[in-house]
There are 2 protein chains.
Amino acid sequence: MNNLTLRQLTYFEALAHEGHFGRAAERCAISQPALSVQIKDLEESLGFALFERGPRHVRLTALGEAFARRAGDILRAVADMNDWAETAKGGRIERLRLGVIPTIAPYLLPRFISNVTQAYPTIDLHVRETVTPRLITELLDGRLDAAIVALPTDEPALAEMSLFTEEMVLVRPEKDSGAPLVPPNALDEMRLLLLEEGHCFRDQALSFCNISPARPRDGLDGSSLSTLVQMVGAGIGVTLIPDMAVDVETRSAPVCITRFDTPPPTRTVGLVWRKSNPMTDALREIGHIVRGAAQA
Amino acid sequence: MNNLTLRQLTYFEALAHEGHFGRAAERCAISQPALSVQIKDLEESLGFALFERGPRHVRLTALGEAFARRAGDILRAVADMNDWAETAKGGRIERLRLGVIPTIAPYLLPRFISNVTQAYPTIDLHVRETVTPRLITELLDGRLDAAIVALPTDEPALAEMSLFTEEMVLVRPEKDSGAPLVPPNALDEMRLLLLEEGHCFRDQALSFCNISPARPRDGLDGSSLSTLVQMVGAGIGVTLIPDMAVDVETRSAPVCITRFDTPPPTRTVGLVWRKSNPMTDALREIGHIVRGAAQA
DNA sequence: TTGCTGTCATAATTTTTAATTATGAATAAT
DNA sequence: ATTATTCATAATTAAAAATTATGACAGCAA
């Protein structure tokens, strides 16, 4: 009863246009009986005649004309979709929901966003900034397509592509600029200021300094690198920041930067996405763009 | 390449909605592999993946979501069309292009139009008024669906349904109201006013009076019954009009009506349409409505 | 009338498409 | 490691749609 097919609509349109079974069949590149049968089936399943057949003419009935308008709309929509698919299959990304951790976002985003939108002019780019565990959850959930986080993630369902490795540097008040470099495990006693729980950068810093994550550290947490640096400038303590943040953050506070001896503490930043995401190639391309922007 | 089917769209929508091959297949009342294969074929012919398959989830890719919107539009249009067909197949007329001859139109139309639109509230009614030969041509051409003319038409391709038979009556100036009835073949000498060539009513009148259609009759032709009656009122001659026109036309001119003895001259008016028109039943219904209106 | 022609419908058959059942591979959960 | 879940693949059957051949019917010309 309710088994209309696009094939029937196509044949119908050809017949409506030609007004002749033989010519319509030719236009569809099929035999005349094939078209005849399809039209008959169509009329049968609709329950009324679409064409008035006379020995000298085939023409639309009143209902046929109304049907023709609807059929035309549908066929046009289908053709549109095919066109769209044709351009879409160039492997291009239509929409990218990208997560970025807060210790990277403010410094990296401005550098690569324009590159991405230039490479993919039609892309619909959404950026979400939050801590790694949340990003991973949303990624696995399908709420994000990819994320820029510190590697490794230890998530078997995720593919990783490393983008760059950067040093962590020590930030001290400006007056300490001549002071000697202290060993990492001495930092805690100098009142080491860190990000709140959840930030992977905090964990990395603690690990570098051999401080137990469980130990209470009241009053020494900030919610952003910017805040931490301001606190250092006010003489409250010292902190660690990634190399990438140096330019931006040290400009607005009286602090000085000290790099550690070899081997310096580092973190590796990468792009991650679900292994099951079929756009792996395109995502890897995005990764290259980000990598290029980060190095510049 | 370009062989999309509605079946594929249906399965696609089910899978997009369920996010699970097994359940989507169940919803479509088919087996899981059947759905799997159709989705695969669809993706293959599009040239890109619509779904991201993971061991624990099946979800739309970005392109898949865009595709889903288009697919939804198309499926909705198809569903609409099915709904429309459902109501349309009640044998109802959507559009009626009706031809009527000029000696009937002004008197009959006002009587039945409201009945027709009442019986078919959604009808799209077009009325064309012209002489019989032209109506027949347009009917055979498919430019009209039906016509109200004097029978018979002698057209083998047309079906006829007689509606009513009416007398032709004599119209004379009012001052002749007491005058005796003259025999038909004497009318010519009393300056018989007739419609122009092409009107079937003219031919019927000539035939009744035994006048040769070929004979020149200069200055005695009018373009409408109304004109003829006015001319009679002005004392220029006499004329014949159909019974149905009496009420309307004698009201505005100083004329009197005389009926002929038995057997009176009559004409039979009928509805005609192409035999090949599939809406015969509905047209016959229209005929009944017109018949009822004519008798009232 | 009597073929002849154009045109669509129908029938028999083959080809193509889409379903089924059975089974395999991958992976998360136990 | 084992099991359960879930999707893909293969072999087969069923259904749909094509083909070729032929029939029916009306218009037209001899």
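Mentor: Start with the largest pocket: α1(B) gives the most to its lining, five residues. Helices (H or I, at least four residues) and strands (E, at least two) are DSSP runs, numbered from the N terminus. The model is predicted, so local features need pLDDT of at least 70 and side-chain atom pairs 80 or more, while totals for chains, interfaces and linings use all residues. Residues are numbered from 1 along each chain as its sequence is written, and side-chain values use heavy atoms, without hydrogens and water.

Trainee: How do you know that β1(A) and β2(A) pair?

Mentor: Two strands pair if DSSP finds at least two bridges between them. β1 (residues 51–54) and β2 of chain A have four, in the antiparallel sense, so they meet that definition. They form a hairpin with two residues between them, and Arg53(A) stands opposite Val58(A).

Trainee: Why is the approach of Arg7(B) to DNA strand C called a polar contact?

Mentor: A polar contact is a pair of N or O atoms within 3.5 Å (within protein, one must be able to donate a hydrogen and the other to accept it, and residues adjacent in sequence count only if both atoms are side-chain atoms). Here a phosphate oxygen is 2.6 Å from an N or O atom in the side chain of Arg7(B), so it qualifies.

Conventions: Chains lettered and ligands numbered in written order.
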